[in-house]
Amino acid sequence: MPTLANYLIVSGGLFSIGLVGVLLRRNILIIFMGLELMLNAANLSLVAFSRFNLGQDGLPGYNAQVLVFFIITVAAAEVAVGLAIIVALYRMRQTTHVEDLDTLKF
Amino acid sequence: MSFPVEFCVLSLGILMLLVDSFFPSIDKRTLAHTAIVWLAVFLAATFFLQPSPLWASPNGFYETDALGLFFKRFALVSTILTLVLAIEYAPVVERFIPGSRPGAGLGEFFTLPIFTCAGLMWMASAADFVMIFCALELVTISFYIQVAFMRRNMASLEAGTKYLILGALSTGFLVYGITWIFGMTGQTGLRGISTVLGMVPQASQTALLFGIGLILVSLGFKVAAAPFQFWVPDVYQGAPTPVTAFLSVASKAAGFVVLMRVVDAFLVAPALQAKLVPALGFLAGLTLVYGNLAALPQTNMKRLLAYSSIAHAGYLLVGVASVGSPAAGRAIVFYLLAYLLMTFLAFLVLIPVSKAAGGDDISDFNGLGRRAPGMAFAMLIAMLSLAGLPFTVGFLGKFFIFEAAMRQQHFVLVVLGVVTVACGFYYYLKVVRAMYWQPAPEDAPPVLVSPLTRFTAAFLVTLILVLGVYPKPILDFLP
């Protein structure tokens with residue numbers, strides 16, 4: 001029977017993989033996958049916390065589970081907008097690499 | 001009396017989209033003018049709303065307290081000003097959007113700020129992390145589209161991509177932070193969290209601090225605080241100018257409202273307060289120094305305003321770090337109001353000037369004092385007020401912030417603040433110097449300004465000067 005700690009370790013691992021992906025990878029699509037992974041790590045630990053820490057009435061905290069649905073929806077919206085921007089970028093520059101984004105001086 | 005002003009704004013946005021698609025022959029500028037009138041009506045309607053005290057509302061998700069109500073008005077005013085800017089900027093947008101008919105895409109350009117406005121107003125009232133998250137994402141996602149709106153312009157697309165990646169990263173931090181705070185307290189509502197913290201003040205400190213830290217990082221992104229500011233200059237420079245103004249005023253203000261509410265909820269536990277206040281003070285100091293120093297060598301006006309926006313986030317964070325003092329909340333709100341007036345005024349002058357010159361460089365302002373004396377005077381007032389010259393509203397904003405910080409004995413921050421204000425005079429006066437002491441180029445095209453922009457600029461100048469001398473009416477009105 002997995003405990004709360006198991007879930008949190010997996011979720012922490014997912015979050016770290018996502019964060020490292022965002023920081024190290026150079027392809028915008030892979031970076032985007034890393035971002036999604038971070039959101040899903042949060043979803044996993046939210047559900048785990050809500051399932052294992054029952055309230056005084058013996059029920060899980062439903063606010064967190066509702067928040068998970070909102071996060072899934074928002075992530076979908078973010079992907080829709082994000083991919084549209086990346087497609088527009090690809091049409092202009094034929095690239096999805098962050099190094100090629102150098103119009104604005106740093 | 002309760003009155004869902006957010007839903008009215010949302011309906012206005014949907015209606016505008018419908019009109020835009022079903023009556024393509026309507027002039028898009030008329031649509032924008034209509035939207036401005038309606039937003040003004042909603043603004044008037046908010047004065048009939050009664051604020052209810054923060055902890056008294058039956059619903060833990062949404063609070064119509066005085067602070068929330070004030071920021072709803074703030075969001076409406078900044079949306080109206082953004083639409084005024086957008087009308088002035090419309091020809092540039094038209095040039096960078098492919099379309100079979102003239103004005104394609106302009107309807108959306110005028111509609112998106114209205115959806116953002118609804119999100120900002122929900123953020124102002126959000127008192128639960130679920131609500132904070134949803135409202136914040138409504139604002140952020142609609143800003144992604146607006147920043148990347150000119151899709152035949154590489155700078156705009158690049159700014160959009162950068163904002164998208166870093167904005168989504170900050171969302172990830174926010175959500176993960178909320179997760180840990182929920183895990184440690186079993187609550188998502190700010191009220192519930194501070195009740196739990198009041199009962200068990202020592203409940204697993206480390207995990208809770210981890211969660212708060214992640215949320216601070218994510219809000220730091222939103223308000224452009226160093227060291228989470230690196231997206232700001234690029235995004236501000238690349239985005240369409242009205243969107244830059246909207247982003248730097250409304251998005252920052254909403255970030256500060258959420259920050260104030262979140263910090264308030266966690267200050268119940270003294271152990272947390274001992275860690276949170278120094279952390280905020282550190283962020284404030286870093287932001288002040290970075291924003292002001294990095295602004296010194298800038299030659300592009302939009303980039304200069306971006307660094308100035310970072311610097312102003314620093315002064316506001318000094319206010320947030322002094323939350324214990326009762327004057328701090330009012331000082332922050334007054335500062336944000338002053339910041340709204342002077343930033344929008346600067347952008348109102350920037351758009352016609354850069355339209356005439358075809359660029360956003362400070363050198364494009366050369367000789368503006370001769371070419372367009374009225375606009376140059378408006379820019380002069382905006383710059384002096386941003387720098388914090390006495391008898392402008394910007395000076396009083398800084399004064400109230402430093403006063404609140406003195407009461408909380410943050411002497412280091414006050415000294416740092418005063419030094420960086422002096423630094424600010426240098427780069428703001430660079431613009432003034434270009435306008436009045438540099439000769440205009442021989443072939444400088446005339447600066448054309450529409451009557452609406454002229455009227456708005458005059459209105460903002462008057463407000464900056466009047467409130468700078470006589471701030472009492474607005475101070476009485478603030479929450």
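Helices (H or I, at least four residues) and strands (E, at least two) are taken here as DSSP runs, numbered from the N terminus. With that settled, here are my notes.

1. Ground rules. This is a predicted model, in which local features need pLDDT of at least 70, side-chain atom pairs count only at pLDDT 80 or more, and totals for chains, interfaces and linings use all residues. Residues are numbered from 1 along each chain as its sequence is written, while chains are lettered from A and ligands numbered from 1 in the order in which they are written.

2. The end of α3(A). Have a look at Gln94(A), which follows α3(A) and has a positive phi, near 50°. Gln94(A) is not a glycine, and its place is in the segment after α3 (62–93) of chain A. Most residues other than glycine have a negative phi, and most peptide bonds are trans. Gln94(A) is exposed because 8 other C-beta atoms lie within 10 Å. For this term and its relatives, a residue is buried if 20 or more other C-beta atoms lie within 10 Å of its own, exposed if 12 or fewer, and partly exposed in between, with C-beta atoms placed from the backbone.

3. α3(A) itself. At 1.5 Å a residue, the 32 residues of α3(A) should span 46 Å, and the end C-alpha atoms are 46 Å apart, which agrees. The expected span of a helix is 1.5 Å times one less than its number of residues. Among the buried residues of α3(A) are Leu67(A), Ile71(A), Glu78(A), Gly82(A) and Leu89(A). The buried residues of α3(A) pack against α2 (28–52) of chain A, and also against α5 and α6 of chain B.

4. Where the chains meet. In all, 31 residues of chain B are in contact with 35 residues of chain A; two residues are in contact if their C-beta atoms, placed from the backbone, lie within 7 Å. On the side of chain B that touches chain A, α5 (129–147), α6 (154–185) and α9 (232–238) of chain B each supply at least two residues. The largest share, 17 residues, comes from α6(B). By class, this side of chain B has 18 nonpolar, nine polar and four charged residues. Here Ala, Val, Leu, Ile, Met, Phe, Trp, Tyr, Cys and Pro count as nonpolar, Asp, Glu, Lys and Arg as charged, and the others, Gly among them, as polar.

5. A covered helix. Helix α15 (residues 373–387) of chain B should span 21 Å at 1.5 Å a residue, and its end C-alpha atoms are 21 Å apart, which agrees. The partners of its buried residues include α12 (301–321), α13 (326–357) and α16 (393–407) of chain B. Just after α15(B), Gly388(B) has a positive phi of about 95°.

6. α15(B) against α18(B). These two helices pack at an angle of about 35°, with their axes 10 Å apart. Axes are lines fitted to C-alpha atoms, for helices over the stretch in contact, and angles run from 0 to 180 degrees between N-to-C directions. From α15(B), Ala378(B), Ile381(B) and Ser385(B) meet Ala457(B), Val461(B), Ile464(B) and Leu465(B) of α18(B). The residues of this contact divide into six nonpolar, one polar and no charged.

7. The core. The largest nonpolar core has 216 residues, and those with the most contacts inside it are Met123(B), Tyr335(B), Leu345(B), Val349(B) and Met379(B). Such a core is a set of buried Ala, Val, Leu, Ile, Met, Phe, Trp, Tyr and Cys residues joined through C-beta atoms within 7 Å. Its largest share, 22 residues, comes from α13(B). Leaving aside neighbours within four places in sequence, Tyr335(B) has contacts that include Tyr315(B), Gly397(B) and Phe400(B).

8. Loops worth checking. Phe391(B), in the loop between α15 and α16 of chain B, has a phi near 70°, a positive value in a residue other than glycine. Phe391(B) counts as exposed because it has 12 C-beta neighbours inside 10 Å. Pro227(B) lies in the loop between α8 (205–223) and α9 of chain B, and the peptide bond from Ala226(B) to Pro227(B) is cis, with omega near 0°. Val447(B), in the loop between α17 and α18 of chain B, counts as partly exposed, with 18 C-beta neighbours inside 10 Å.
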